[in-house]
Amino acid sequence: MENTWGSSDPDPLPGQLTDTPATDHALIYVPAEVTHPEDFARLAAPCLERVEACGYTFAGVVRVWDDAMEMTRSGRATVVVVPSLAHLPHDRRPRVEAAGDPVRADANRGHHTGPDVRTTRNRRPRVLR
């Protein structure tokens, strides 16, 4: 049987996805900095609800971003659910950014690399002559 990643290997690694079509396996990422049990539960609960609502197979909770990336690379998970995009590490690779996201200060240069989208005032477009 062909596994999710297109290989025809009949003996996939334990935990590797093999269903065709595959049910997405979802991890929940809650940063390790969240140490209080009540805070952890407050952040993890909506993630678990999303996993259930989307029909994902629950693959576990990880506290370190690199562990989440390793599980996605190895095929043990295809989705990482986070409580908020603000909980993602800013130095993660690969990093996905939306064009409308505010521009963060560049830690290496200590200043913004562009205008902050949220603080830009609504103005008429400038007329060039």
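Helices here are DSSP runs of H or I with at least four residues, strands are runs of E with at least two, and both are numbered from the N terminus. The model is a predicted one, so to speak: local features need pLDDT of at least 70, side-chain atom pairs count only at pLDDT 80 or more, and totals for chains, interfaces and linings use all residues. Residues are numbered from 1 along each chain as its sequence is written, and side-chain values use heavy atoms, with hydrogens and water left out.

On to the charged pairs. The structure has two salt bridges, each being a side-chain nitrogen of Lys or Arg within 4 Å of a carboxyl oxygen of Asp or Glu. In helix α2 (residues 65–74), Glu70 and Arg73 sit about one helical turn from each other because they are three residues apart. Their side chains meet in a salt bridge at 3.8 Å, N to O. Glu70 comes out as partly exposed because its relative accessibility is 38%, while Arg73, at 60%, counts as exposed; the cut-offs are under 20% relative accessible area for buried, over 50% for exposed, and partly exposed in between (1.4 Å probe, protein chains only).

Helix α1 (residues 37–54) holds Asp39 and Arg42, again three residues apart, about one turn of the helix. Here the salt bridge spans 3.6 Å, N to O. Asp39 is partly exposed at 33% relative accessibility, and Arg42 is exposed at 53%.

Then there is Val61, in strand β2 (residues 57–62), which is partly exposed at 40% relative accessibility.
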